[in-house]
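Student: I am new to this structure. Can we walk through it step by step?

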Amino acid sequence: STLFPYTTLFRSYASAARALSVVTPNGQAAHMARPAVISAPDPLLVFMQQLGMHPAEQMKLGWIAEYGLKEEALPPRWTLHVDRTSGHVYYVDRDSQTSSWENPLAPALLKVLEAGRGFLQKPADDFFEDCKKALWHEHRLEIQRWCGPFNDNKGSPYFANTTNGVSSWRDPREEAQYIFEMQIGLLTTLQELLPSVAHVPG
């Protein structure tokens, strides 16, 4: 069984306006445009575009974008919201109280997406294991850059990045571990869903 459900939920945009036929006093039909009603953008299609996903990739890889839109998939400090005016999804960082149109999982999901593309282009028995090792090496280096906790002059604990001098009240190593485990789970699902090397046409 897969760690994350594979679905094919791809909806189309609704039309923005319609024409309404009325009858004038002289009995002739006239057409009056209804007020334009802009359909809310489909978050899934928008996110696929943000990830640079080609329509031809949707059937095999579109579920990666769908997973990224689940609020429970976000790192603990992030929450998902919908803008009432535009209908677009945005995200709020509860630690910094800042908002962003960009899905915080996008960089991590893009690496999973690229792995799926790579396997489809050049499949190999050890492809996904190599991807997992490369990801662990990348995250391990990031985790090692952070030290702490230290205490400021008020006794509040904080963490410091020894490479760029950035500090954080939350331990960034926890989020790095969270992202790594998510990517490993998604890669395992990819390995289960995509055809094995034995079944890939030569």
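Student: Which backbone nitrogen does a side-chain oxygen of Asp42 reach at the start of H1?
Tutor: Keep in mind that this is a predicted model. Helix H1 covers residues 43-50. At its start, a side-chain oxygen of Asp42 comes to within 2.8 Å of a backbone nitrogen, that of Leu44.

Student: What covers the buried residues of H1?
Tutor: Start with the residues themselves. Leu44, Leu45, Val46, Phe47 and Met48 are buried in H1. Their cover includes two helices, H2 (58-68) and H3 (106-121).

Student: Which residue takes a positive phi just after H1?
Tutor: Look past the end of the helix. Just after H1, a phi of about 75° belongs to Gly52.

Student: Why is H2 largely enclosed by the rest of the structure?
Tutor: Look at burial along H2. Among its buried residues are Leu61, Trp63, Ile64 and Tyr67. The buried residues of H2 pack against H1, H3 and helix H5 (172-193). H2 is largely enclosed because its buried residues number nine of the eleven.

Student: Which are the edge strands of the open sheet?
Tutor: The sheet has three strands, in the order S3-S4-S5, and its pairing is antiparallel. An edge strand here pairs on one side only. That gives S3 (78-82) and S5 (98-100). Ignoring direction, neighbouring strands of this sheet are turned against each other by an average of 30°.

Student: What is the bridge partner of Val92 in S5?
Tutor: Strand S4 spans residues 89-93. S4 and S5 pair in the antiparallel sense over three bridges. In S5, the partner of Val92 is Ser99.

Technical notes:
Residues are numbered from 1 along each chain as its sequence is written. This is a predicted model: local features need pLDDT of at least 70, side-chain atom pairs count only at pLDDT 80 or more; totals for chains, interfaces and linings use all residues. Side-chain values use heavy atoms; hydrogens and water are left out. Buried means under 20% relative accessible area, exposed over 50%, partly exposed in between (1.4 Å probe, protein chains only). Helices (H or I, at least four residues) and strands (E, at least two) are DSSP runs, numbered from the N terminus. Contact means heavy atoms within 4.5 Å. A polar contact is a pair of N or O atoms within 3.5 Å; within protein, one must be able to donate a hydrogen and the other to accept it, and residues adjacent in sequence count only if both atoms are side-chain atoms. Two strands pair if DSSP finds at least two bridges between them. Axes are lines fitted to C-alpha atoms, for helices over the stretch in contact, and angles run from 0 to 180 degrees between N-to-C directions.
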